[in-house]
Amino acid sequence: MKTVLITGATGLIGKEIVKACHDQNINVHYLTTSKSKLSTTDNYKGFYWNPDEKEIDSSCFIGVNSIINLVGASISKRWTNSYKKEIITSRTETAQLLFDTIKSNKFPIEQIVSASAIGIYPNSLTHYYEEDEKTISNSFLGQVVEQWETAVDQFSSLDIKVAKIRIGLVLSKDGGALPEIAKPIRLGAGSPFGTGDQWQSWVHIKDLARLFVFAVTKNLEDTYNGVAPNPVSNTELTKAVAKTLHKPLILPNIPKFVMKLALGEMHILLFESQRVSATKTEDAGFEFEYHHLESALLDIFS
């Protein structure tokens, strides 16, 4: 039976990936910085690590064929200078610790499938981004993803296949952006941001989890966009959430400067526009269950 090591397994996306692994009879080893989250069952076993101290229980790699790398500090927290550093190091230093441990112990890992983000693509209302895009966003998010992917790419020097999944707006009822988008709408105070024209390349969390497991079972390598085939504008997203919740939208659009005052530099999360292609992902043989936003929202809010 295949065994996969997951970093970030106890987070929003990680929990869904664990379920998807178990659905495919894949054993899960996971790394956690919290000793209280360690547990051992037949198909789910935890191991402690402390990347800040370069400490890791190397027995986590025993019997493991593939790694799913999700770990990284949340970007949905105010971007102070110190926290911006943490966002980057929580991705690069953890990857480095995995790399160094595998190399020094010569563990026979065959593949790493790492999370990445569509924030690497420049802000554009007109461009349709595919994975071979060479231009990198000059935003902080662009810097984060570039350094993150570079840290993961080095695994190929150990003859490990590297797959990177660039994640878009993840739709889930249990966390992430969607509950925050829905909250003011439920109160009758929802509204699009800015012009509302900015593209939102989204994905249902169940499809995203299935995509990671698909990448493992098909032994994929290279870069893939983890987004559904039909991106929408911010206005379309807001209207679709309101319609699903049976709530009216009566307020004017929220100006950009208001959110900049409230959120600081992090406000770009609401206003950056990336229209991202899922063609390469589908051409690899992956079939999305949720192609269109309406069906995804109905599933989540039902």
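Ile-68 has Val-113 of strand β6 as its bridge partner. This is a predicted model, in which local features need pLDDT of at least 70 and side-chain atom pairs count only at pLDDT 80 or more, while totals for chains, interfaces and linings use all residues. Residues are numbered from 1 along each chain as its sequence is written, and side-chain values use heavy atoms, with hydrogens and water left out.

**The strands around β6**

Let's stay with β6 for a moment. Strand β5 (residues 66-69) and β6 run parallel, joined by four bridges. Helices and strands here are DSSP runs, numbered from the N terminus (H or I with at least four residues for helices, E with at least two for strands). Getting from β5 to β6, the chain passes through α2, and this β-α-β crossover is right-handed. Right-handed means that, with the strands pointing away from the viewer, the path from the first strand over the helix to the second runs clockwise.

β6 also pairs with strand β8 (residues 161-167), again in the parallel sense, over seven bridges. Two strands count as paired if DSSP finds at least two bridges between them. Along this pairing, Ala-115 stands opposite Ile-165 in β8, and Ala-117 stands opposite Ile-167 in β8.

How enclosed is strand β6 (residues 111-117) by the rest of the structure? Six of its seven residues are buried, so the strand is largely enclosed. Buried means under 20% relative accessible area, exposed means over 50%, and partly exposed lies in between (1.4 Å probe, protein chains only).

**The whole sheet**

Stepping back, eight strands form an open sheet with mixed pairing, in the order β4-β3-β2-β1-β5-β6-β8-β12. Its edge strands are β4 and β12 (222-226), each of which pairs on one side only. Helix α3 (residues 140-153) packs on the sheet and touches β5, β6 and β8, and its direction makes about 175 degrees with that of β6. Contact here means heavy atoms within 4.5 Å. The axes are lines fitted to C-alpha atoms, for helices over the stretch in contact, and angles run from 0 to 180 degrees between N-to-C directions.

**Helix α2 and what follows**

Now for the crossover helix. The 25 residues of helix α2 (residues 81-105) should span 36 Å at 1.5 Å a residue, and the end C-alpha atoms are 36 Å apart, which agrees. The expected span is 1.5 Å times one less than the number of residues. Even so, α2 has a kink of about 30 degrees centred on Thr-89. The bend at a residue is the angle between axes fitted to the seven residues ending there and the seven starting there.

After α2 comes Lys-106, with a positive phi near 55 degrees. Lys-106 sits in the loop between α2 and β6. Lys-54 is another residue with a positive phi, about 55 degrees, although it is not a glycine. Its place is the loop between β3 (44-50) and β4 (55-56).

| Residue | Relative accessible area | Class |
|---|---|---|
| Lys-54 | 64% | exposed |
| Lys-106 | 70% | exposed |
| Thr-150 | 52% | exposed |
| Asn-234 | 4% | buried |

Thr-150 belongs to helix α3. Its C-alpha atom is separated by 9.8 Å from that of Ala-95, which is 55 residues away along the chain.

Asn-234 lies in helix α6 (residues 234-244). Which residues is Asn-234 in contact with, leaving aside its neighbours within four places in sequence? They are Pro-192, Phe-193, Gly-196, Gln-198 and Gln-200.
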